[in-house]
Amino acid sequence: MSNGGGAASSTTHLLDFLEEPIPGVGTYDDFHTIDWVREKCKDRERHRKINSKKKESAWEFTKSLYDAWSGWLVVTLTGLASGALAGLIDIAADWMNDLKEGVCLSAMWFNHEQCCWTSNETTFAERDKCPQWKSWAELILGQAEGPGSYIMNYFMYIYWALSFAFLAVCLVKVFAPYACGSGIPEIKTILSGFIIRGYLGKWTLMIKTITLVLAVASGLSLGKEGPLVHVACCCGNIFSYLFPKYSKNEAKKREVLSAASAAGVSVAFGAPIGGVLFSLEEVSYYFPLKTLWRSFFAALVAAFVLRSINPFGNSRLVLFYVEYHTPWYLFELIPFILLGVFGGLWGAFFIRANIAWCRRRKSTRFGKYPVLEVILVAAITAVVAFPNPYTRQNTSELIKELFTDCGPLESSQLCKYRSQMNGSTAFTDNPNQPAGPGVYSAMWQLCLALIFKIIMTIFTFGLKVPSGLFIPSMAIGAIAGRIVGIAMEQLAYYHHDWFLFKEWCEVGADCITPGLYAMVGAAACLGGVTRMTVSLVVIVFELTGGLEYIVPLMAAVMTSKWVGDAFGREGIYEAHIRLNGYPFLDAKEEFTHTTLARDVMRPRSSDPPLAVLTQDDLTVEELQGIINETSYNGFPVIVSKESQRLVGFALRRDITIAIENARRKQEGIMFNSRVYFTQHAPTLPADSPRPLKLRSILDMSPFTVTDHTPMEIVVDIFRKLGLRQCLVTHNGNVLGIITKKNILEHLEELKQQTKPLSDGI
């Protein structure tokens, strides 16, 4: 008996090159899904190997320690880099934002606030005016007041806004197209196991950091908080390549990316705990307990670095720190819940309008000119924003002003209340008085700002520049909340004898805190858009320090989610994932239909038969022919054409790499060489060329379901195990295959079928 090659020695000394790991086998192509089960098995095998060797020598023991600590080391580096970059972005964005209005002559690198810190000529009422800071009208025309100076400042504001926007979109288009947008939809998809090469690379990191500063400074209706999550994940991805434990295992790498997303939110809002919960609730697909601890540590390190840099100059980690001195009362839950309803309605409207606009952008010629679109939106934003002080200022500063309670240190128009003293009318910052003309003027301006922000945010999110949604959504909610808060405050002042106020609001007492309403409104609107709950409440109370007001926040956020879910269960990130066609199985979606596995599997009755490989009677030429004629990512391996019994599953990429590697390293492999997936080579004629053994690339335990398995269970298996594909069998014989793409197509078909029914009801 001979197994080929003509010599008996070739049987005993057959070069089975596949017993050694083949470079490239087990890796993935771009825009493909990873096999979570295989990756976890690889990691367990690597861990067993290290543990078995660690007692052999001191060097092996040191290597095992390094392996154990590499996880903590990579999240530490990620936290350090995320905190440093966030601090840099905050400082640069503040400086460039103020550059639109003027420049500091004493020190060019100071923003407006820093420029006037050292001045002895500022007054309490006009603390932002000092000789060192010059507006562009003062520098160019030599005058600070008058129509000429207003027009010059208006022109320079538009000029700088357009310059920043143009530079941002050009850098993104030329150097890193993946640097645009928020990044959170793609990161959710990547964490679910999808491969997008270059999305978390060094070029994307560098360009996103630079263009994020430019985009925020341009005055567009966007924030830097969402993109900071993308920046942190880029850092995590780059540092993971320093450690083989993570660079060679896609599932382990996603544990680092989960921790990085927590660090991103930690530095975006100064909310480390909120960052961990955000990673758990919103972006992560696989979140073991070990990842929870590492996420917590990464968020801690990132927050510590940001606090050390002190970008806001107030020795605090957060920008919106507030101190309210009045407790909230039970009756106020009614307006808080109404703000929640507004947030849910705004969220549902925004998601539908923004997705409709983005779909139109993709399907029309307008989408082919991203630079022109950004310039157009930036021009409209700048022209409309400048006359209104609440839209002209930085959105973060606007939110801070709306959150802040009126007191003796506030010079805002929102705090200009009337004071009746000895028959004469004066103005005071005490909110226990009737509103003065300044408050009414501010209310009108806020109403206009609300309309402006709602319209511009719809058209801005999705532009080819880095654009976050957290801050614009919070600004819309904060404006609405402050308007409701002032209305409630005046109602309590003029009608303190109503039964609603009589019990708890005495005449002249400080009963209502408008800033609290702004905070609740901001949380409600952000919750309506993203459908976050627990993490959002924690982020907001960490962001403001308002732990006492956690119940109003919870009530508003939960209401906004319920109202938003009534119009559609998708948040904005899930909607964009679906729009872009990413293979993402949302764990929040319920499968309620009664279809079976055989209804979804491929091939369908009208399709060609299933492409399969036999275990020991294919030649290399026949195998390559099957690969070239089909585009499938893998093939079931069966016993023979007569017996369709399943042996295992082989991936297309692994087969191709294995054949190329065999031809390069092994002599005697020819087109008519027999390929076998069994443990022992088949019996061959004496003059046959050397056979090729591919058993080591065969998955001997692929997931299978019977043709009568309910799709509800199949979908659950795909979600919980992160499968790429599942084979469908009947009495052990292979009938077909179900991939993640098939499931997503099936869910979309069912959704389209139920839509006309729900529309008609």
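Modeller: Happy to! Glu250 and Arg254 form a salt bridge, with 2.9 Å between their closest N and O atoms; the term stands for a side-chain nitrogen of Lys or Arg within 4 Å of a carboxyl oxygen of Asp or Glu. Please keep in mind that this is a predicted model, in which local features need pLDDT of at least 70 and side-chain atom pairs count only at pLDDT 80 or more, while totals for chains, interfaces and linings use all residues. Residues are numbered from 1 along each chain as its sequence is written, and side-chain values use heavy atoms, leaving out hydrogens and water.

Helices (H or I, at least four residues) and strands (E, at least two) are DSSP runs numbered from the N terminus. Glu250 is buried at 12% relative accessible area, and Arg254 is buried too, at 4%. Here buried is under 20%, exposed is over 50% and partly exposed is in between, with a 1.4 Å probe and protein chains only.

Helix H11 holds another such pair, Glu255 with Lys252, three residues apart and again about one turn of the helix. Their side chains meet in a salt bridge at 3.4 Å, N to O. Glu255 has a relative accessible area of 6%, so it counts as buried; Lys252, at 2%, is buried as well. This pair also belongs to a network of salt bridges that links Lys40, Lys252 and Glu255. As background, side chains of opposite charge can pair when their charged atoms come close.

Further along helix H11 comes Ser266. With 0% relative accessibility, Ser266 counts as buried. Which residues does Ser266 touch, not counting those up to four places away in sequence? They are Ala271, Pro272, Gly275, Ala299 and Ala303, where a contact means heavy atoms within 4.5 Å.

The structure holds 21 salt bridges. One of them joins Glu574 and Lys188, whose closest N and O atoms are 2.5 Å apart. Glu574 lies in helix H24 (residues 572-580) and Lys188 in helix H7 (residues 184-191), so this bridge ties together parts that are 386 residues apart in sequence. Both Glu574 and Lys188 are buried.

Finally, here is the wider setting. The chain comprises 29 helices and 13 strands, and 55% of its 761 residues count as buried. Among contacts with a separation of 6 or more, 73% are between residues 24 or more positions apart. The chain's accessible surface comes to about 34,000 Å², and carbon and sulfur atoms account for 61% of that; the areas come from the Shrake-Rupley method with a 1.4 Å probe, and for residues only the protein chains shown count as cover.
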